[in-house]
Amino acid sequence: MWRLHLCLLVALAEPFLNSKKTYEYKYEGLVRVGRELPDLVESALKMRCTFKIIGESPQTFVLQISNVDVEDFNGLPGKGVFSPSQKLTKRLSAEFSQPIVFEFSKGQITDIRTAPGVSNTVVNIVRGILGFLQVTVKTTQSFYELVELGIHGVCQSSYTVEEDSNAKELIVSQMVDITNCQQPAALYRGMALAPEDKLSKQRGESVVSTVKHTYTVKSTADGGLITKAFAQERQYFTPFNVKGGNSRLLALLLILLKVSDTTDKIVTGQMQSRGNLIYKTEKDLRPIPVVMINLNEPMPKILDLIKRLAQANIYHVDSASSTDILNLIQLLRVATLENLEQLWKQVSGNDEHRRWFLDLVVEVTDERILKFLETRFKAGDITANEAGQALVVAFNHLSAEPVSVALAQEFLTIPFSKSHPLMWNTVVLAYGSLVYRYCVYTDPCPITVVQPLLDMATSGLSKNSEEDMVLALKALGNAAHPSSIKTLLKFLPGYTAGAEKLPIRVQSAAVQSFRLLASRDPHSVQDIVLNLFVQRTLPAEIRMLACMVLLETKPSIALISVISEVLLEETDLQVASFSYSLLKGISKSRTPDNQHLSTACNIAIKILTPKLGHLSYRYSKNVHLDWFHDDFLFGTSADIYMLQNESLIPTKLMLKGKMHFIGRILQFLEFGFRADGLKELLVGKTPQLKKGITDFATIMNILSDWQNLPKDRPLLTAYARVFGQEAFLMDVREDSIQSIIKSFSPSAGKESKVWEKIQDVQKGTSWHWTKPHLVYEARFIQPTCLGLPVEISKYYSIINAITVKAEINPPPKEHLGELLSSDISLHTDGFVGVTKDHFVFHGINTELFQCGTELKSKIVSALPWAFDLKINRKEQKYEMNLTPIKTVTELFSVNSNVFSVLRNIEDPSLFKITPMMPETEDSQKGLPLARILPTSRQCADAKIYGTSVCIEAEAKRAHYLHEYPLYYFLGHTRFSYQLEPAEGAKPIEKIQIQVTAGRKNPPGVSEMMNLSHRDLDATPESVITVKALGLSPPAKPLGYEGVAFYLPTAQRDNIEMIVSDVGEEANWKMCANANTDKSQTSAKAHLRWGAECQTYDLSMRVSAACQPESKPSIYTKITWGALPSVFTMIGQRIQEYVPGISYIMGFYQKYEKNPERQAAVTVVVSSSQTFDMRVKIPEVVVLQIHHMSFLFQICSFMNYGSENCACSCVFV
């Protein structure tokens, strides 16, 4: 009987709405964003309402919302109350008053319809309310899992059902896994070029969300009736690892008030479908989370902001207005295409306004910007420079939608795009980047989007145009479309007949086009590049690049074994050295993406080291450095690739850096240079370099043949990648160099472009340039069960500015060479500066209100100048006069703080932005900066020059817990470096710097040399003399004078330098001497300073031995006499740490009697890979370590033990 009762109860518990009834519920939603600690400020938003569900038909119901009340909170938990938000309540009440129709059947909501004017924000809140009615109750199980549709998307839910037979109720608990939804409603924007790193996510997450619903379902005659529902959603977020401190967000409650019979039907009027329960994000992501402005009538507001920003940044970088960039971008994004055209007409005539508009209109990230730029390209009313800058940013920040890609293709056919070689490169490469981002979110990615680039590559091949082939291949590499592999194979030897005859530069570009494909289709790429790597008949460069790409596919240990077997039999030392260094760098890697690969490479290195470990830097190399911190989920890595052949200059050089953060990898910057032309010049001419790479005369003679190179062969090719995408490509050709030489030639006349610039300067030219730029905008938007979007966003904007005013006399009359034989005077003043703003936002962000936490940091660098310069090139005399500063001038500053924010568009006057850590007396100073430099101000005075250099540092923290990295940022940080007038100093009229070069002795130098006490037969001639004086007439100058002498002998090269204090009674001097012997096996340095160079002294001697009968060694000895007390204090402090540091590094100690004022280090090479070190310091301590590994192979020990050993060591 009990079981029958239970079955009946469960059967009647299926959620059901009677179309003849009216259900009235009370609803309360609460959002809290903060740390949930009593001493940290948080923001909160509360919304209450009642709503009725009125049946129209068995499956159609009307939702009627009333009694809306919105309150907000910004303060310390438990020490404040919620405040009514009356204007926002009124705005929401107006929209909620309109009836909403939805379809409901078997506990599932299938369609929502509203009046046309209801905003997307309100509809999403309605989705959150209706989501409480959707619950699946199974009648035969107490625990079950389902994949079902909800506000978070199509996600998996886990249900538990408990029965209360007395109350005839079921308690249903639902846990929703919103992290692994099949069709997530969450949205990423701006992260396409930062791929996920799954191995990093295994070490920790920066965002973790949990959602739990609890329903009370009462059994009725009609079925189950939800009488109460409670949802709790928590999102743990930190810029680092959530296990180490985080920011949190909470949720809401629903209670059934009554059920009554429906008496009147609701008149709904015209309705439109708004979809199902899945949260819908605005297509244009209009609200930028860190700003909130009224977006009505944007035109006048845009013009006003452009004018104010342009004016504010003419004479200095205005850091106070730099955040207005985001306001301007927000307004531009709501402007129509017609608005943009009207704005262009109004600003294009003013250089300043025009530049600000073009630099920021590119942040309109949809088809409007493409149509606007297309009009400019076809009309030709912008320069090639303006067009290139605008297009590269627009394409890379564009929302990758099908309509945008189709419009972007048209730029490949516009004649203006090909009007300048550099701009054409930019257009093609930027289009490839757009295709890549489009394919990130489109699977499968249609071949039509990459077809123009495939056609371009095929056309270049048929015409045998090296320039066209390289450009198309690089663009295909940017696109990384899997369908491009077939075309890329046409350029690879071994895959297509005749490909081996293509220029090496083309083959190289084809191999590197697989770099991004390595992560999209690793198995196909592995097969291709491995086949290239094992073909010993291919050029070394192609094989080396193939190995580099192969390792980027993260190969298995089996493939690493294949590489090892090939290298064991390798005869090309360039290939062997480069591949070995790649494996060695990865074997020591600590970043998560190399976690498994490093183990395999470590095994390979142990096998290969006996054969290849001795190869020096004369061969191709890769240098890899990285680090990663698990608690911070952050790390960096850097690589230098040097590909060489028989020449001394690397034929290819690449430098790249990556950032590893919050489970993603961002290849921030990469630079590369290719020296094909220089390579051809040096082929076969290496034997001419009798003195090695320091034989500059021979090198210049070889390079003088550059004019005999083929006209179509560049001397040098340079490229740059940003975020992994090649964005810049430039060839330096013979005609470019010839043009530069002619322009700067002493015989150049009025036809030279340089002549025109000099004439402008003579008249008193003024030049100003600014570059505002939104570097990145990364957003993660995830719905909550309230229907409100929780957003995590990062914004990074920069303003660069420079102003230069200059005047030169006298101007040349016939040719530029006149400047070399006349006295030239130049006056210039201006400034260069940059402001960097970084924002991180976490919280609720809609176009109506914002509630969350913001990290704001600002870095400002500024360098003003004003000076006169006099140049006499004939006598090699130079004089600079600077005006001392009269006011405090901040050169560099950092300001950072975390705020709890609350904004609503209806009442801007009530915006609340409160530091998360309030200003309290018990705030602790906890950042490491605060421990080293507590809130302080320190100045170093240079009263001779009337100037002080000051550093101010301040750090306030509420907590200092090592295990919580987030706490380091919860507080105020300020650091500044500034110049200001020195207190108590005499007024200085100007600072004068004089430089005299050449072998002439200015007055007073002979007396200075006689003071140096070194038994000279005659006074030597100085190489250079420098004076830095503070002038304050009629008083005599004060300052310093320095003279350098070159004193060669048959056995040694000597350099002498004397610095002296200038003044009537000054006797302070510093004397320095350094010499090396001609064999470069020993060097000495001696430094003395004080009164007549007699008070303090310090000397150092370095010698090397590299003889066949002994092991190579280096011996260094430092001795000292009297030293300033500060030196002694620092030495004692260092000596305290020596035992501990030496133990960590593996040294052991042996006690001997050593001189008190002497330290010595001996390094002896014990093998090609290791060395022994012996360190002697005062106080009878000897530290020794045996067989330490080389960090860098400075010396080549290939010939260790042979007669040529002495030639193989080079000291760096």
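The legends below describe close-up views of a predicted model.

**View 1. The chain as a whole.** In this predicted model, the secondary structure of the chain comes to 29 helices and 44 strands. Buried residues account for 50% of the 1212 residues in the chain. Among contacts between residues at least 6 apart in sequence, 66% join residues that lie at least 24 apart.

**View 2. The contact of helix 18 with helix 20.** Two packed helices are described by the angle between their axes and the distance between the axes. The axes of helix 18, which spans residues 522–534, and helix 20, which spans residues 557–568, come within 11 Å and cross at roughly 10 degrees. Because angles under 35 degrees count as roughly parallel, helix 18 is roughly parallel to helix 20. From helix 18, the residues Q526, L530, F533 and V534 take part in the contact, and they meet L559, V562, I563, V566 and L567 of helix 20.

View 3. L550 belongs to helix 19, which covers residues 540–552. L550 counts as buried because its relative accessibility is 0%, and the cut-off for buried is under 20%. Leaving aside residues up to four places away in sequence, L550 touches Q526, V529, L530, P555 and I563. Of these, Q526 and L530 in helix 18, together with I563 in helix 20, also take part in the contact between those two helices. The C-alpha atoms of L550 and I563 are separated by 9.7 Å, and the two residues are 13 residues apart along the chain.

View 4. In soluble globular proteins, nonpolar side chains tend to be buried together. The largest nonpolar core holds 149 residues, of which L332 and L583 touch the most other members. Helix 12, residues 421–440, supplies the largest share of this core with twelve residues. Another core, of 64 residues, lies apart from it, and among its members are Y23, V68, L788 and V790. When residues up to four places away in sequence are not counted, L583 touches L551, I560, I563, L567, C601, A604, I605 and L608.

View 5. Six strands form an open sheet in the order 17-18-19-20-21-22, with antiparallel pairing. The edge strands, each of which pairs on one side only, are strand 17 (621–629) and strand 22 (725–732). From one strand to the next the twist averages 10 degrees. Strand 21, residues 716–722, pairs with strand 22 in the antiparallel sense over seven bridges, and M730 in strand 22 is the bridge partner of A718. In helix 25, residues 734–744, the residues E734, I737 and S743 are buried. The elements that cover the buried residues of helix 25 include strand 22 and helix 26 (753–763).

**View 6. Strands 36, 37 and 38.** Strand 36 (residues 1052–1062) and strand 37 (residues 1068–1077) run antiparallel and are joined by nine bridges, and these two strands form a hairpin with five residues between them. Nine bridges likewise join strand 37 to strand 38 (residues 1082–1091), again in an antiparallel arrangement. A1074 in strand 37 stands opposite I1055, and A1074 also stands opposite A1085 in strand 38.

Key: Residues are numbered from 1 along each chain as its sequence is written. This is a predicted model: local features need pLDDT of at least 70, side-chain atom pairs count only at pLDDT 80 or more; totals for chains, interfaces and linings use all residues. Side-chain values use heavy atoms; hydrogens and water are left out. Axes are lines fitted to C-alpha atoms, for helices over the stretch in contact, and angles run from 0 to 180 degrees between N-to-C directions. Helices (H or I, at least four residues) and strands (E, at least two) are DSSP runs, numbered from the N terminus. Angles under 35 degrees count as roughly parallel, over 145 as roughly antiparallel, 65 to 115 as roughly perpendicular and the rest as oblique. Contact means heavy atoms within 4.5 Å. Two strands pair if DSSP finds at least two bridges between them. A nonpolar core is a set of buried Ala, Val, Leu, Ile, Met, Phe, Trp, Tyr and Cys residues joined through side-chain atoms within 4.5 Å. Buried means under 20% relative accessible area, exposed over 50%, partly exposed in between (1.4 Å probe, protein chains only).
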